[in-house]
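Here are a few friendly notes to read alongside the coordinates.

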Amino acid sequence: MFDAYRICNGIADGLDGITIDKYAAHYQIQFFNEKMLKYEQTLVEMVKKRFSPEFIAVKYRFEDRSQIKAVFGSNSKTIVEENGCKFAVDLLDTLNPGLFLDMRDARQMFGKMCKGKDVLNLFAYTCSFGVYAKKNGASRVVNVDISKKILNRGKENFALNDLEGEFFCGSAEEYVNWAVKKGKKFGAIVIDPPSFAKNGKKTFSVAKDFEPLAAKCRDISDGVVLLATNYSPWCGGNALQEMAANIGCKVLKSGAQGKDFPGLPAMVWVLANFSKLHL
């Protein structure tokens, strides 16, 4: 069903500060603290012996250090499959290779709600939610992201799946304001922002900006909305459910990362629709 998943999720799997991810025959080992670096070569050799990889990347993600290096193989790019969808991945492009594995369940759940609907994918990144929506029969998908480079990778993902989509390079707030002004309506909306983002002189913070943006989406929604975040103060609690209630949504389903991410949740999601539909 999918060939990209987490093999080791840090302390929950007995290796505090270390994660190991599989992307088809490509693997990444991430270190989140320096004390475990003494095991780096041992882990690399273990991955080679156990999985016969084509490529291995090691990533250091300390507070004062962010670095990526290839330790085995020469081609950092690969294609992975997930529930019938294909995604391009590059383990050396950025710290995030192009597909967030912990959002798999949310992507699948959202996609199933999109048949015959116009879909708006805000903070689209590489457009994985948009691909799922179109694969599941969405009539139209608009993907919005402030990064032209990242949005181009989203276009690549649509092309990989022989799908057509629309792509808007700009902020989520900018597009939503335009859609409200034009009276646009979407049957399904996904709002999955980073915890903090800069757009020129402007910034977006989940803590202060997520709820106002989601509330504004009431004016362009006639269906479901998926709210998702990896903002650590909100993970493991009911912050998203409370926000959904505040903006007039009825929660249909909520969840966190998949079974390959044991331990405390690093992200949470809520699938809801606006209560006016139930009046």
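1. Let's begin with helix α1, residues 40-51. The expected span is 1.5 Å times one less than the number of residues. Helices here are DSSP runs of H or I with at least four residues, strands are E runs of at least two, and both are numbered from the N terminus.

2. A word on the model before going further. This is a predicted model, in which local features need pLDDT of at least 70 and side-chain atom pairs count only at pLDDT 80 or more, while totals for chains, interfaces and linings use all residues. Numbering runs from 1 along each chain as its sequence is written, and side-chain values use heavy atoms, with hydrogens and water left out.

3. Which residues of α1 are buried? They are Glu40, Leu43, Val44 and Val47. These residues cover an arc of only 100 degrees around the axis, which puts them on the same side of α1; the arc is taken from the directions from the helix axis to the C-beta atoms. Thr42, Lys49 and Arg50, on the other side of α1, are exposed. Buried means under 20% relative accessible area, exposed over 50%, and partly exposed in between, using a 1.4 Å probe and protein chains only.

4. Now for the charged pairs. Searching the whole structure gives 11 salt bridges, each defined as a side-chain nitrogen of Lys or Arg within 4 Å of a carboxyl oxygen of Asp or Glu. One of them joins Arg6 and Asp21, with the closest N and O atoms 2.6 Å apart. This pair links distant parts of the chain, since Arg6 is in strand β1 (residues 4-9) and Asp21 in strand β2 (residues 18-23), 15 residues apart. Both Arg6 and Asp21 are buried.

5. Glu82 and Arg104 are buried, and so is Arg107.

6. Finally, a salt-bridge network links Glu82, Arg104, Arg107 and Asp260.
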